[in-house]
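New page in the notebook.

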Amino acid sequence: MGRLIVISNRVSVPKAAGAAGAQGGLAVALNAALREHGGIWFGWSGQETEEFTGHLDMQRNEGVTTATIDLEPQDIEEYYNGYANRTLWPLFHYRIDLTEYDRNFGEGYERVNERFADSVLPLIERDDLVWVHDYHLLPLGSMLRQKGVKNRMGLFLHTPWPPTRLLVSLPLHERLVASMLEYDVLGFQNAEWLESFLHYVQKEMGLKVNPDNSIDYEGRRVVARAFPIGIDYEEFTEAAAGAEARAAHDRLKQSVRGRKILIGVDRLDYSKGLGERFEAYSRFLADNPEHAARAVLLQIAPPSREDVSSYQMIREDLERKTGHINGAHADVAFVPIRYVNRGYPRAQLAGFYRAADIGLVTPLRDGMNLVAKEYVAAQDPDDPGVLILSQFAGAAGQMQDALLVNPHSIEHVSEAIKRALEMPLDERRERHGKLLASVRDHDVRRWRHDFVTALFGPDKGGQSGDATGPGNSANAPADEPA
Ligand code: ADQ
């Protein structure tokens, strides 16, 4: 059985057990997959070097081998800040108004993908399975093929896939998508993004999609499927029940002195709909004076991609809105929005979620959104909070028992907040029970099991012929991370 070669833009080096709480569920899941199958996690170190050398920094931590390369400043500017985060990220989140089409970005993207391919090539052995992650590395598989790699290779896209009518605004879009068809497995977060991808290959490339959603391309069969990602349910519920979470829960509860708590936890990103959320909260305060002084919105938003100007703009916009709303509604002993720009250890985050009466998850567009799932997993089942979830998050398909909202409508979100605050205990419990079952059943272990099984292919008991997606793989073994 082959090893796994996981390739992503950045690599998360596994931490010792005591520090495990600092790692995200995705990193934990990929490290578990690497421990089980053996192999290497390869990517950019996050470090800058004056001139690219291709030097591989190999490390072994907690049973997992990582290999990283440094990139030079022009690579980081054109590939990472440029094509990945100024071109593909906004376009894939339906924001062509923010999408920058710069030839240098495209060239830098191809150059860095080529550098990734050259650097990882000597690490790949004959029977290895290659699992590439995300929009940074779409053409990597085709570059590896050009260098003679015949191994099974798969790509999982963590973001949405945009509708064809938006994607065609990208120069050289045909070339980008054709390069993706060199993978054996293409994984998307949900049926909607998968459908958009299949629409593109049919309409723009004239390819036929088989009834099982596979695509025959240049003599090979490419499997395209939805693999909805989940959280590490066990790890998260354990963290939520621990002492660190309880302390964080109590600290937050005491600080609000009996007021209801609404919580938002998002990377500071325009796709997360934070400005619209603040406006909806402001509308709620104005329309419901009886609730206004009895609720607090805690918005945790660690800055990300600070070298990109649209991210600087959203930060300024949110600071202005917070100041404005707090100025209008605050009292000497009360501030309606607590806006915090920092990260927290996962256990503390779990405690904050548990303390909150409402989880406010209102992205304008999101591949999946794990915060919605974490919020549900952290609740007290006897007295759970209410999840308000954007209908445009990939998670909405699996979380129909949340209060689903259109995040663009401040009236709609404001009404949902009121409804959530007034929801009777029976209804809260019923909704939460169904949501919890779905979060538990579609956890990150099942996600990686389903993807790796598909990557093995039909000869090795894989499910590549199964068009119905992970919803049908309830028999997936609950394989434990080592
Ligand atoms: P993100 O856009 O980063 O991920 P999300 O799925 O919500 O979005 O994951 C964010 C993670 O960061 C969560 O685990 C959350 O707990 C953590 N986090 C956020 N703020 C934090 C803070 N202040 N302190 C500590 N932790 C914090 C991308 C896609 C998503 C997709 C994921 C996984 O954009 O749509 O769900 O990948 O595929």
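By contact I mean heavy atoms within 4.5 Å. I also note at the start that this is a predicted model.

**Arg 10**

I started with Arg 10, which I found in strand E1, residues 4-10. Skipping its neighbours within four places in sequence, I listed what Arg 10 is in contact with: Trp 41, Trp 44, Ser 45 and Gly 46.

**The ligand**

Next I went to the ligand and looked at who surrounds it. There are 22 residues around the ligand, and those that come nearest are His 158, Tyr 344, Asp 366, Met 368 and Glu 374. I sorted the shell by type and got eleven nonpolar, five polar and six charged residues. Domain 1 (4-230 + 443-456) and domain 2 (244-441) each give the shell at least three residues. Helix H13 (346-355) and helix H14 (370-378) each put in at least two.

Which distances did I note for oxygen atoms of the ligand? For Glu 374, a side-chain N or O atom is 2.6 Å from a ligand oxygen. For Lys 272, a polar side-chain atom lies 2.9 Å from one. For Asn 369, a polar backbone atom is 3.0 Å from a ligand oxygen. Last entry: on its own the ligand has 710 Å² of accessible area, and the protein covers 84% of that.

Technical notes:
Residues are numbered from 1 along each chain as its sequence is written. This is a predicted model: local features need pLDDT of at least 70, side-chain atom pairs count only at pLDDT 80 or more; totals for chains, interfaces and linings use all residues. Side-chain values use heavy atoms; hydrogens and water are left out. A residue is near a molecule or strand if one of its heavy atoms lies within 4 Å of it. A polar contact is a pair of N or O atoms within 3.5 Å; within protein, one must be able to donate a hydrogen and the other to accept it, and residues adjacent in sequence count only if both atoms are side-chain atoms. Accessible areas come from the Shrake-Rupley method with a 1.4 Å probe; for residues, only the protein chains shown count as cover. Helices (H or I, at least four residues) and strands (E, at least two) are DSSP runs, numbered from the N terminus. Ala, Val, Leu, Ile, Met, Phe, Trp, Tyr, Cys and Pro count as nonpolar, Asp, Glu, Lys and Arg as charged, and the others, Gly among them, as polar. Domain bounds come from an automatic or database domain assignment.
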